[in-house]
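Biologist: I would like to learn how to read a protein model, one feature at a time. Could you walk me through it?

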Amino acid sequence: MKDPTVKFSGTITPGQEKFARIISILTHPPIIAIPTFLLLGLLIHNIADQIISDVICLLFALVIPFGVTYYYSVKHDNRDGDIYRREDRYIPLAAGIVSYLVGTVILYVLAVPEIIYVLMLCYAVNTFVVLLISTRWKISIHAIGIVGPSMALDYAFPPFGRLMIVLLPFIVWSRYVQKKHTPAQLAAGALVGFVLTGVIFIILL
């Protein structure tokens, strides 16, 4: 696919580079899943059920996807947890899809609040679309990964839940100055995350 934009070609200070790396690590989609699902778990009033839901969410939205991604990151000599080449993304993305789908089914069977299993399904659908796009183009997973959780928290805890979206500009900046993505890839990620999550919410919630 042709991209009318280009990667960052300037320079940044060592302090800015360190700050950008920290932002990228802390806003990695599986990491963002931690506060998101823990907050959504507060919708469950029974403590035992809440703990079970939290464990399932963290296992299938964090431990498995992040573990597989990190393994393949190291395998392809990417020591920062990223997978630079889009061609190397396929197996980690496919593993993520399976993990999210299994998590969705378990959460649905446990009858947790709808927003919890619907968000897990959003992770699966969004990741599947990313996998398709990655066959031709390196869309920003970080940008996609902040939009869906922000929309879920806004749905569950309006209006304060939407505050997570303030991280998006920082994510865009960090991924751009680290030369991970072009502006078009970052903008497309945010847009795809918004549209897909919005459609699923409209249908299922």
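Modeller: Gladly! Let's start with a definition: a residue is buried when its relative accessible area is under 20%, exposed when that area is over 50%, and partly exposed in between. Keep in mind as we go that this is a predicted model.

Biologist: What does the side chain of Glu 17 meet in a salt bridge?

Modeller: The general idea comes first: side chains of opposite charge can pair when their charged atoms come close. Here the partner of Glu 17 is Arg 21, with 3.5 Å from N to O. Arg 21 has a relative accessibility of 40%, so this residue too is partly exposed.

Biologist: Why are Arg 21 and Glu 17 separated by about one helical turn?

Modeller: An α-helix has 3.6 residues a turn, so residues three or four places apart point the same way. Arg 21 and Glu 17 are four residues apart in helix H1, which covers residues 14–26, and therefore about one helical turn separates them.

Biologist: How many salt bridges does the count come to?

Modeller: The count comes to two. The other pair to look at is Arg 162 with Asp 154, whose side chains meet at 2.9 Å, N to O. Arg 162 is partly exposed at 44% relative accessibility, and Asp 154 is partly exposed at 24%.

Biologist: Now cysteines, please. How many disulfides are there by the count?

Modeller: A disulfide is a covalent bond between the sulfur atoms of two cysteines. In this model the count is zero. Cys 57 is in no disulfide, and the nearest cysteine sulfur, in Cys 122, lies 13 Å away. Seen from the other end, the sulfur of Cys 122 has its closest cysteine sulfur in Cys 57, and 13 Å is too far for a bond, because a disulfide needs the two sulfur atoms within 2.5 Å.

Biologist: Is Cys 57 buried or exposed?

Modeller: Cys 57 is buried, with a relative accessible area of 0%. Cys 122 counts as buried as well, at 1% relative accessibility.

Biologist: How many residues of H5 are buried?

Modeller: In H5, 15 of the 21 residues are buried, so the helix is largely enclosed by the rest of the structure.

Biologist: Let me try a single residue. What does Thr 36 touch?

Modeller: First find its place: Thr 36 sits in helix H2, residues 29–40. Leaving out residues up to four places away in sequence, Thr 36 touches Leu 119, Pro 149, Leu 153 and Met 164. At 0% relative accessibility, Thr 36 is buried.

Biologist: And how do I read Leu 26?

Modeller: Leu 26 is in helix H1. Its relative accessible area is 53%, so Leu 26 is exposed. Setting aside residues up to four places away, Leu 26 touches Ile 31 and Ile 32. Notice the two kinds of distance as well: Leu 26 and Ile 171 are 145 residues apart in sequence, while their C-alpha atoms are 9.7 Å apart in space.

Biologist: What should I look for in the backbone?

Modeller: Most residues other than glycine have a negative phi, and most peptide bonds are trans. Ala 111 has a positive phi, near 60 degrees. You will find Ala 111 in the loop between helix H4 (90–109) and H5, and its 62% relative accessible area makes it exposed. Lys 179 has a positive phi of about 65 degrees. Lys 179 lies in the loop between H7 and helix H8 (183–204) and is partly exposed at 42%.

Biologist: Which peptide bond is cis?

Modeller: The bond from Pro 158 to Pro 159 is cis, with omega near -5 degrees. Pro 159 lies in the loop between H6 and H7.

Biologist: Which residues form a nonpolar patch on the surface?

Modeller: They are Phe 19, Phe 160, Leu 163, Ile 165, Val 166, Leu 167 and Phe 170, with about 680 Å² of accessible area together. One of them, Val 166, is in the loop between helix H6 (141–156) and helix H7 (167–177). Val 166 has 49% relative accessibility, so it counts as partly exposed.

Key
Residues are numbered from 1 along each chain as its sequence is written. This is a predicted model: local features need pLDDT of at least 70, side-chain atom pairs count only at pLDDT 80 or more; totals for chains, interfaces and linings use all residues. Side-chain values use heavy atoms; hydrogens and water are left out. Patches are made of residues with over 30% relative accessible area and no salt bridge: like charges are joined within 9 Å, nonpolar side chains (Val, Leu, Ile, Met, Phe, Trp, Tyr) within 5 Å. Accessible areas come from the Shrake-Rupley method with a 1.4 Å probe; for residues, only the protein chains shown count as cover. A salt bridge is a side-chain nitrogen of Lys or Arg within 4 Å of a carboxyl oxygen of Asp or Glu. Helices (H or I, at least four residues) and strands (E, at least two) are DSSP runs, numbered from the N terminus. Buried means under 20% relative accessible area, exposed over 50%, partly exposed in between (1.4 Å probe, protein chains only). Contact means heavy atoms within 4.5 Å.
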